[in-house]
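Please look through the structure shown here before reading the briefing that follows.

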Amino acid sequence: MTSKIGSKHIAQHRGKKERLEIKRTNVAREAVRQLEARAKYRNQPKGQAQREQAQTAA
């Protein structure tokens with residue numbers, strides 16, 4: 001939950017520019033996370049990650 005000031009959430013006290021800036025940073029942060037995840041599995045053949053995990057667990 002978001003914090004409250006009196007009976008209103010903090011988000012209600014934010015200005016339009018601040019909300020837009022937060023949204024942009026969230027979008028950028030998510031894009032970075034997606035790129036890292038794609039790079040992690042880019043050169044692996046399908047199913048190879050599961051086979052490697054199965055071999056190390058056994």
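Glu-30 and Arg-33 both sit in helix H1 (residues 16–41), where they are three residues apart, about one turn of the helix. The model is predicted, so that local features need a pLDDT of at least 70 and side-chain atom pairs count only at pLDDT 80 or more, while totals for chains, interfaces and linings use all residues. Residues are numbered from 1 along each chain as its sequence is written, and side-chain values use heavy atoms, with hydrogens and water left out.

**Salt bridges**
- The structure holds two salt bridges, a salt bridge being a side-chain nitrogen of Lys or Arg within 4 Å of a carboxyl oxygen of Asp or Glu.
- One of them joins Glu-30 to Arg-33, with the closest N and O atoms 3.0 Å apart.
- Another links the side chains of Arg-14 and Glu-18, at 3.6 Å from N to O.

**Exposure**
- Buried means under 20% relative accessible area and exposed over 50%, with partly exposed in between (1.4 Å probe, protein chains only).
- Arg-33 counts as exposed, at 54% relative accessibility, whereas Glu-30 is partly exposed, with a relative accessible area of 33%.
- Arg-14 is partly exposed at 31% relative accessibility, and Glu-18 is partly exposed at 40%.
- Of the 58 residues of the protein chain, 0% count as buried.

**Fold**
- The protein chain has two helices and two strands, which follow the order β-β-α-α from the N terminus on.
- Helices (H or I, at least four residues) and strands (E, at least two) are DSSP runs, numbered from the N terminus.

**Confidence**
- The protein chain averages a pLDDT of 81, and 90% of the residues score at least 70, pLDDT being the predictor's confidence in each residue, from 0 to 100.
- Confidence is lowest in strand E1 (residues 4–5), at a mean of 66, and highest in H1, at 92.
- Where pLDDT is low, the predicted coordinates should not be read in detail.
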